[in-house]
Amino acid sequence: MTHDEAKSLLRIRDLSVRIPTARGAIWPLDGVDLDLGAGETLGLVGESGSGKSMLVRSIMGVTPAASTLSGELTFDSVDLAGGRTEQARGVWGKRVAMVFQDSMTSLNPVVRIGRQVSEGARRHLGLTAAQARERTLDLLDLVGIPDPRARLAQYPHQLSGGMRQRVAIAMALACDPDLLIADEATTALDVTIQRQILDLLQEIQATRRMAMIIVSHDLGVVASRTDRIAVMYGGRIAEESATGTLFAEARHRYTRALLGALPTLDMPRHSVLPTVPGSAPDPVGRPRACRFAPRCPAAVDRCRTERPRLLSQGDSGHRFACFVPVEPDAAPASAHAAAVAAPPAATAAAGQPPRLEVRDLVCRYRVPGGTIHAVSGISFAMPPGETLGVVGESGCGKSSAAKAIVRLQQAASGSVLLDGTDLLTLSPREMRRRRTRIQIVLQDPIASLNPRKTVRGCVAEGLLIQGVRGAELAAKVDDALRGVGVDPDIHGGKKAYQLSGGQAQRVAIARAMALDPDVLVCDEPVSALDVSVQAQVLNLLERLKAERGLTMLFVSHDLSVVRNISDRVAVMYLGTIVELGDADQVYSAPAHPYTRALIGAVPVPDPTRDHASTPRLEGQLPSPLSPPSGCRFRTRCPIARQECADNEPPLVEVAPGRLAACHFPLTGSAEPTAPSPRARVRQ
Amino acid sequence: MSATMTTGPGTRAAAAEDEDAPVRRRPPVSLVLCSAWVVLVLASTLLAGLLPIAGYDEPVADGATPPFESWPEFLGADSVGLSVLSRVIHGAQLSLAVAVLGTVIGMAGGVALGTAAAYFKGWLATVVNLLSDVVLAFPGLVLLLAMASVMRPSVWSLSAMLGLLSLPSSLRIAYANANVQLGRDYVLAARALGTPAWRMIVREVLPNITHSLVAFGFVMVATFMIALGALDFLGIGLPPPRPSWGGMIASGFDSIRTRPYLVFVPAAVLLLTVFSFNTIGDRLRERADGRGGHL
């Protein structure tokens with residue numbers, strides 16, 4: 001341990017949490033050792049089921065009712081594992097505070113902002129109402145809420161997600177905590193907002209010198225904002241070290257795999273991502289073995305019969321629990337040495353008629369209070385075999401567009417041409433036939449499978465509708481399942497909830513592929529999956545595309561994922577495409593200020609990254625009920641001028657093959673005053 | 001926030017390795033007893049003819065006999081010497097038949113209309129919901145009284161009437177549950193496969209709302225049994241000579257001071273049966289809700 005016991009603010013020894021279930025006791029935490037010094041920032045990283053949330057919930061004293069805690073857990077010598085003692089209650093909420101993932105549910109919806117923030121201060125610090133009000137105003141101001149006085153009387157639902165999270169941070173800071181825990185506090189936010197909140201947390205941590213634990217599934221989030229990182233797997237800490245050390249010379253096989261499975265902005269496109277076979281461990285029981293052994297390529301017999309202890313390497317403070325660690329001089333895990341280029345995708349032949357063409361697609365919804373302009377006239381064309389990535393933040397209309405293209409959502413106007421036939425004007429009967437040509441994969445794999453049906457039943461459904469029966473049906477179903485790497489004999493009879501997320505998404509892909517479509521629309525297909533599983537599914541999609549010559553429309557909020565899988569990229573903002581072009585070009589030299597800000601906000605798993613150097617996008621997404629006049633991005637654009645408010649910039653060619661909707665594009669002539677002659681492009 | 005943070009910490013305990021065995025969730029005693037009672041009532045009703053007891057219209061004594069004086073008619077006899085046990089068992093036949101049949105009729109209509117309204121929305125949903133509001137606004141008891149006064153109630157007419165009166169309730173349950181399911185992603189995925197309307201309702205939505213509907217069905221049966229008891233008590237239920245629980249309570253009422261068991265035995269049987277159906281229904285609903293949350 002680098003940290004003296006005396007220096008340690010939070011001290012955890014052999015902490016375990018046990019929850020009895022119908023399948024046997026599960027151990028969300030299984031012998032965790034951890035120390036945190038005052039003023040230190042720790043990143044707690046792990047996939048779902050790793051126990052990272054249970055660990056911070058134990059610290060906050062909010063473990064589930066049926067659970068039992070064992071081991072040692074002290075905060076500044078106060079025992080937090082012994083139930084709700086007087087002393088422990090003096091720590092929770094006052095000296096240790098937490099910011100949760102979902103501010104919509106962690107804030108009380110019927111209590112005004114002012115009261116929610118001041119409540120803690122009044123209870124724990126004994127302030128008067130006037131004092132508490134002053135303090136609340138200070139706090140709201142500190143967390144960057146504009147016009148805090150007006151916010152006091154507002155309710156949570158009147159604020160945007162980013163603003164609510166700021167309020168939650170203000171609440172957490174109300175009693176000047178010594179330790180702030182951010183449990184996936186930015187996961188639900190868009191990248192540009194996430195960047196704002198992470199910067200805010202970092203500033204507050206630095207100025208107040210409090211300790212902080214950032215819990216995240218995303219290595220990029222913690223990379224440059226923490227002193228140390230602990231990687232958890234299966235309820236145990238797999239590896240813990242200084243942040244730089246972890247990224248440069250991770251020793252545990254799981255950490256390596258996790259770093260390798262992450263697509264990054266600087267790796268070659270269409271890289272085959274190194275994957276971790278299998279999925280998260282069964283939480284039942286506490287085996288005397290390495291939890292990662294079943295998925296580990298280097299596992300030896302000892303890994304399966306003995307539990308590796310978390311041991312420190314010399315006095316460096318680098319600890320890992322592995323019998324067969326990676327040699328320290330091996331290539332850095334984050335260098336993606338193992339990534340090799342995928343077989344070249346079917347190159348889009350120029351001059352070939354487009355497979356899928358979208359013209360002036362418009363989607364609107366009526367809601368109480370107005371009309372949401374989800375998609376405001378987007379156009380693009382995809383030659384056969386192309387993968388077009390669509391990125392943008394929530395509310396940009398990417399998902400609405402994807403659903404409108406396959407007619408899961410009513411388009412207000414426009415056309416979707418599949419090999420020249422407009423899908424939007426087909427009769428239901430004709431459309432049903434045409435659905436064999438275009439299919440969709442949705443975001444939440446388990447929810448997208450009927451819980452009452454077996455895996456085989458789910459895959460068979462589309463074929464049944466097309467009139468396939470009998471032996472042919474059974475053969476096609478099994479083929480489709482094998483094609484996505486699901487063994488129909490093992491998993492064919494299971495129900496959706498018996499599958500892991502990755503398996504379920506494979507089944508969902510098999511369901512789409514069983515119809516042998518030409519076009520596959522993927523609406524956030526890996527967003528609900530863990531990193532190690534996400535890589536498996538991305539590789540699968542690349543393989544299917546190469547084998548079947550699929551044309552793929554890939555919608556995602558994750559810029560790294562989109563860049564890796566796409567040939568071209570379309571960037572959307574508030575219902576319009578602001579930039580469209582070759583993926584490498586768009587990412588390396590964005591033409592639209594929004595694209596540049598979006599790429600700059602992506603959390604990068606690189607501890608040396610300097611956040612101050614990239615421009616941060618301020619402000620919130622304007623309401624889609626009444627988008628700004630002219631250029632929709634102008635309210636947040638650093639280079640916006642009067643012209644941007646007056647005229648909506650058309651999507652025009654700014655360089656060969658590059659389209660951007662900006663009066664002052666960043667590439668080519670950087671002079672904002674000398675607009676190049678542009679031709680209005682309508683493909 | 002701080003209030004919620006300090007609630008429910010796990011208690012410290014020495015974790016013993018042998019505690020890792022699966023926790024068997026035993027069904028609560030009340031559920032076991034209720035299920036047993038329902039099975040007993042159903043079995044004795046269905047097998048009434050095979051039981052070694054007297055017929056419901058065969059006197060077993062000269063007059064009233066208190067319970068526990070003879071076997072197998074251990075519940076005694078009423079004022080004209082008819083076996084209370086036999087009459088309770090035979091009385092259950094009609095009550096159960098009408099209650100179950102009425103439930104099935106009401107649910108069939110309600111589920112068909114409710115799921116269709118949820119799927120097609122638009123004018124169909126408007127009309128269906130309007131009609132159900134109209135039926136709900138009708139005083140059910142008055143309707144039943146009116147019916148009894150113009151025609152001789154039969155098993156079929158009573159069932160049909162109860163089914164009609166309960167149709168809006170099951171319609172709403174089906175409508176609400178189907179609406180929830182129709183918002184789920186698997187329905188979206190099915191639409192992407194081109195699933196036609198009937199197939200969507202029957203193969204995708206219906207299997208996912210069956211749990212809630214069955215749970216509601218049990219509660220409905222219990223409600224109908226009470227309604228029938230009331231009708232029989234008022235003498236406008238199914239006409240004699242077939243016995244009914246409500247009728248037995250009514251005829252025993254005159255002599256409640258001298259022979260209270262003539263009222264209490266059928267009343268207790270009615271209470272236990274209704275209670276059991278309700279308990280089972282609640283339990284099934286909890287499980288259906290739990291499953292829904294888990295998905």
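In chain A, Leu44(A) has Ala230(A) as its bridge partner in β9(A). The two strands involved are β3 (residues 41–45) and β9 (residues 228–233), which pair in the parallel sense over four bridges. Strands count as paired if DSSP finds at least two bridges between them. Helices and strands are themselves DSSP runs, numbered from the N terminus: helices are H or I with at least four residues, strands are E with at least two.

This is a predicted model, where local features need pLDDT of at least 70, side-chain atom pairs count only at pLDDT 80 or more, and totals for chains, interfaces and linings use all residues. Residues are numbered from 1 along each chain as its sequence is written, while chains are lettered from A and ligands numbered from 1 in the order in which they are written.

**The eight-stranded sheet of chain A**

β3(A) and β9(A) sit in an open sheet of eight strands, ordered β6-β7-β8-β3-β9-β10-β13-β12, with mixed pairing. Its edge strands are β6 (96–99) and β12 (311–313) of chain A, and each pairs on one side only. From one strand to the next, the twist averages 20°. Angles run from 0 to 180 degrees between N-to-C directions, and axes are lines fitted to C-alpha atoms, for helices over the stretch in contact.

Two helices touch this sheet. Helix α1 (residues 52–60) of chain A lies across β3, β6, β7 (179–183), β8 (211–216) and β9, running at about 145° to β7(A). Helix α11 (residues 253–261) of chain A touches β9 and β10 (236–242), and its direction makes about 100° with that of β9(A). Contact here has a cut-off: the C-beta atoms of two residues, placed from the backbone, lie within 7 Å.

**The four-stranded sheet of chain A**

A second open sheet has four strands in the order β16-β15-β18-β19 (chain A), with antiparallel pairing. β16 (370–382) and β19 (421–422) each have a single partner strand, so one side of each lacks a neighbour in the sheet. Strand β15 (residues 356–367) and strand β18 (residues 413–418) of chain A pair in the antiparallel sense over five bridges. Val358(A) has Val416(A) as its bridge partner in β18(A). Helix α13 (residues 398–405) of chain A packs on this sheet and touches β15, β16 and β18, with its direction at about 115° to that of β15(A).

**Two helix pairs**

Two packed helices are described by the angle between their axes and the distance between the axes.

| Helix pair | Angle | Axis distance |
|---|---|---|
| α7 (161–173) and α8 (191–208), chain A | about 15° | 10 Å |
| α5 (140–150) and α6 (155–182), chain B | roughly 160° | within 11 Å |

The angle makes α7(A) roughly parallel to α8(A). α5(B) and α6(B) are therefore roughly antiparallel. The cut-offs are under 35 degrees for roughly parallel, over 145 for roughly antiparallel, 65 to 115 for roughly perpendicular, and oblique for the rest.

Which residues of α7(A) meet α8(A)? They are Gly161(A), Gly162(A), Gln165(A), Ile169(A) and Leu173(A). Their partners in α8(A) include Ile193(A) and Leu200(A). By class, this contact has seven nonpolar, four polar and no charged residues. Ala, Val, Leu, Ile, Met, Phe, Trp, Tyr, Cys and Pro count as nonpolar, Asp, Glu, Lys and Arg as charged, and the others, Gly among them, as polar.

In chain B, Gly140(B), Leu143(B), Leu144(B) and Met147(B) of α5(B) make the contact with Ser157(B), Met161(B) and Leu165(B) of α6(B). That contact divides into five nonpolar, two polar and no charged residues.

**Domains of chain A**

An automatic or database domain assignment supplies the bounds. For chain A, this assignment gives domain 1 (8–95 + 175–335), domain 2 (112–171), domain 3 (356–579) and domain 4 (581–660). The C-alpha centres of domain 3 and domain 4 of chain A lie 27 Å apart. Their contact takes 23 residues from domain 3 and 23 residues from domain 4. The domain 3 side divides into nine nonpolar, nine polar and five charged residues.
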